[in-house]
Amino acid sequence: MSGLNPKVFLLFLALLPQFTDPQSSWPVPLQILLLGLVHLCSSLVIYSLVGFGAKAVLSTRPGAAKLVGRVSGVAMISVALGLIAGQIH
């Protein structure tokens, strides 16, 4: 879902051009596309490792899995309450 977020495209548009070389034999749009693909591949590897690692650790320790679920739930509820409070003031 985060790939559909337009803020990601704006971030890439703001950050990637500084890593391009207009004097290069490759066109700038192709350079930006390549940099985006490098980011996509590295994110895929990192998120896959985190996901598989979390599954391996949490499946062997059900108590830890419950604790992580509860802490995550409390964190999400806290964020929601903070956003609601921000809208009220």
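**Reading the helices and the surface**

Guide: Helix α3 is hardly covered, for the count of buried residues among its 27 residues is zero. Buried means under 20% relative accessible area, exposed over 50%, and partly exposed in between (1.4 Å probe, protein chains only). This is a predicted model in which local features need pLDDT of at least 70 and side-chain atom pairs count only at pLDDT 80 or more, while totals for chains, interfaces and linings use all residues. Residues are numbered from 1 along each chain as its sequence is written, and side-chain values use heavy atoms, with hydrogens and water left out.

Visitor: What makes a stretch of the chain a helix, and how many are there?

Guide: Helices (H or I, at least four residues) and strands (E, at least two) are DSSP runs, numbered from the N terminus. The chain has three helices and zero strands, giving the pattern α-α-α along the sequence.

Visitor: How do you know that the span of helix α3 agrees with its number of residues?

Guide: The expected span of a helix is 1.5 Å times one less than its number of residues. For the 27 residues of α3 (residues 62-88) this gives 39 Å, and the end C-alpha atoms are 39 Å apart, so the two agree.

Visitor: Why is leucine 40 called exposed?

Guide: Leucine 40, in helix α2 (residues 28-60), has 53% relative accessibility and therefore counts as exposed.

Visitor: Why is isoleucine 32 called partly exposed?

Guide: Isoleucine 32 also belongs to helix α2; its relative accessibility is 26%, so it counts as partly exposed. Its C-alpha atom is separated by 8.7 Å from that of leucine 13, 19 residues apart along the chain.

Visitor: How does the radius of gyration of the chain compare with that of a compact globule?

Guide: The radius is taken over C-alpha atoms, and the globule rule is 2.2 Å times the number of residues to the power 0.38. A compact globule of 89 residues would have a value near 12 Å, but the chain has 20 Å. Buried residues make up 6% of the 89 residues.
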